[in-house]
Amino acid sequence: MVDLPQLKSALFLKEFKQLVQEGGLYVVNRFDHQKSMADLGVGEVKTMKHICPNCEKITNVQHIKADEDITVKGERINVPAEYYKCLECGGEFDDPKSNHDPLAIAYKEYRRRHGMMQPNEIRELRKRYGLTQKEFCKLLGWGEVTLSRYENGALQDDTHNTILQLIKDPRNLLDLIELQGDFLAEEKRKKLIGLLKDAIEETYTFPSIYSEHFGKYGPDILSGFKKLNLGKLFQAIIFFCKGGILKTKLCKLLFYADFRHYKNYASSITGVRYVHLKFGPVPDRYSYYFATLENEEKAISLDEINFGEYVGEMFYADKDPDLSVFSNSEIKTLIEVKEYFENFGAGKIKDFSHKENGYKETYDGQIISYAYADDLQL
Ligand SMILES: [Zn+2]
């Protein structure tokens with residue numbers, strides 16, 4: 001047997017089915033359906049016998065599915081709506097147990113349109129760093145229940161949303177913890193700072209920033225039909241630095257390796273663009289790459305050598321290159337280029353590179369197209 005309060009809260013067919021399965025046959029007998037309950041699916045049935053909470057008895061009700069406009073901060077958002085209408089008293093009622101919540105759907109859509117964080121994202125952000133809602137609010141200077149409201153679906157106000165967006169960046173959250181995290185237990189604070197520093201290291205390594213900013217071009221004829229591949233570029237640099245190499249020569253070897261590979265296999269190795277500079281072709285933004293390898297990756301080190309007339313910058317590899325990143329043709333090309341220029345000093349290779357058509361036909365600062373690779377002297 002099923003009692004009335006239980007029935008009132010089970011206005012959805014699905015739950016009726018469940019009640020039936022649990023032995024509430026009493027309910028089924030009261031219904032005047034042609035079909036058995038098991039055959040009925042939501043959406044198929046428009047009119048049915050159902051408990052009306054107003055009439056407090058079983059009446060004919062309509063299950064209505066429609067669209068509804070909900071206004072959120074002056075913006076109209078169309079959401080699907082679902083409700084019941086009693087044909088006896090005209091009363092409309094929702095299914096109290098249904099997950100269908102038009103306002104929640106409207107808020108979700110509003111947040112999506114405006115690039116705002118969703119409640120689950122807010123909760124995940126907080127939990128990632130092991131903070132309680134109370135601690136999180138205190139850190140941000142918010143009222144104690146604010147975060148709980150947001151995590152449960154309330155629409156965050158614009159200022160709060162801006163702050164949430166800012167602390168999604170672990171660098172900002174770290175600043176905040178260091179400035180205002182005194183109230184946290186010392187051990188928790190330390191652990192949190194450790195977590196944040198790891199997250200920062202993972203997310204904001206130099207290579208990832210470079211890829212983000214400088215890797216956006218290509219693949220096209222200026223990059224040898226390849227997207228910038230920092231892994232290959234870095235390993236090629238380390239490969240050439242083995243045993244020591246002057247910076248100007250290093251730039252040329254990279255140029256020859258990429259252009260020669262393009263000439264023979266129709267694609268560059270690293271996806272780097274090369275620029276016409278006074279001393280010959282050099283990788284675009286080479287100084288960033290060299291500095292990253294030196295300071296961040298600790299893979300090469302720089303030594304200044306006095307040649308009397310000028311000071312030369314000499315790079316040494318502090319690691320072995322990882323050649324597994326390259327294809328066979330790429331390794332072959334790197335070795336050929338290194339061997340070809342084995343006995344070339346910086347001056348000789350500079351003069352040699354100045355004879356390249358790709359160099360002669362471009363001007364200072366211009367990107368040298370890989371189309372010139374066909375004319376390469378080697
Ligand atoms: Zn009614």
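A crossing of two helices is left-handed if the near helix is turned anticlockwise from the far one by less than a right angle, and right-handed if clockwise. The exercises below use this convention on a predicted model.

**Exercise 1. Helix α13 and helix α15**

Determine how α13 and α15 are oriented to each other, and which residues meet.

Solution. 
- Step 1. The two helices, α13 and α15 (residues 328–340), pack with their axes 9 Å apart and at an angle of about 130 degrees.
- Step 2. The crossing of α13 past α15 is right-handed.
- Step 3. On the α13 side the contact holds L253, Y256, A257, R260, H261 and Y265, and these meet S329, E330, T333, L334, V337 and K338 of α15.
- Step 4. Sorted by type, the contact residues of α13 with α15 are 6 nonpolar, 3 polar and 3 charged.

**Exercise 2. Helix α13 and helix α16**

Solution. 
- Step 1. Helix α13 spans residues 247–265 and helix α16 residues 346–354; their axes lie 9 Å apart, and the packing angle is about 40 degrees.
- Step 2. At that angle α13 is oblique to α16.
- Step 3. From α13 come T248, K249, K252 and F255, and from α16 come A346, I349, K350 and S353.

**Exercise 3. Helix α12 and helix α13**

Describe the packing of α12 with α13 and classify the residues of the contact.

Solution. 
- Step 1. The axes of α12 and α13 cross at roughly 125 degrees and come within 10 Å.
- Step 2. This angle makes α12 oblique to α13.
- Step 3. The crossing of α12 past α13 is right-handed.
- Step 4. Residues A236, I237, F240 and C241 of α12 make the contact with L250, L253, L254 and A257 of α13.
- Step 5. The contact of α12 with α13 has 8 nonpolar residues, no polar and no charged.
- Step 6. L253 and A257 of α13 are listed in the contact with α12, and L253 and A257 are also listed in the contact with α15.

**Exercise 4. The sheet with β5, β8 and β9**

Give the strand order of this sheet, and say why one side of β5 and one side of β8 is left without a neighbour.

Solution. 
- Step 1. The sheet is open, has 3 strands in the order β5-β9-β8, and its pairing is antiparallel.
- Step 2. Strands β5 (245–246) and β8 (300–306) stand at the edges with a single partner strand each, so one side of each has no neighbour in the sheet.
- Step 3. Between β5 and β9 (residues 311–317) there are 2 bridges. M314 in β9 is the bridge partner of L246.
- Step 4. Helix α12 (residues 230–241) lies across β5, β8 and β9, and runs at about 110 degrees to β9.

**Exercise 5. The sheet with β1 to β4**

Identify the edge strands of the open sheet of 4 strands, and find the helix that packs on the sheet.

Solution. 
- Step 1. The strand order is β1-β2-β3-β4, with antiparallel pairing.
- Step 2. The edges are β1 and β4 (92–93), each of which pairs on one side only.
- Step 3. The helix is α4 (residues 102–113), which touches β2 and β3 (75–86) and makes about 165 degrees with the direction of β3.
- Step 4. Within this sheet, β1 (residues 47–52) and β2 (residues 57–72) pair over 6 bridges. H50 stands opposite T59, and C52 stands opposite K57.

Note on methods. Residues numbered from 1 in each chain as written. Predicted model: local features only at pLDDT ≥ 70, side-chain atom pairs only at ≥ 80, totals over all residues. Axes fitted to C-alpha atoms, helices over the stretch in contact; angles between N-to-C directions. Parallel < 35°, antiparallel > 145°, perpendicular 65-115°, else oblique. Contact = placed C-beta atoms within 7 Å. Pairing = 2+ DSSP bridges. Nonpolar A, V, L, I, M, F, W, Y, C, P; charged D, E, K, R; others polar.
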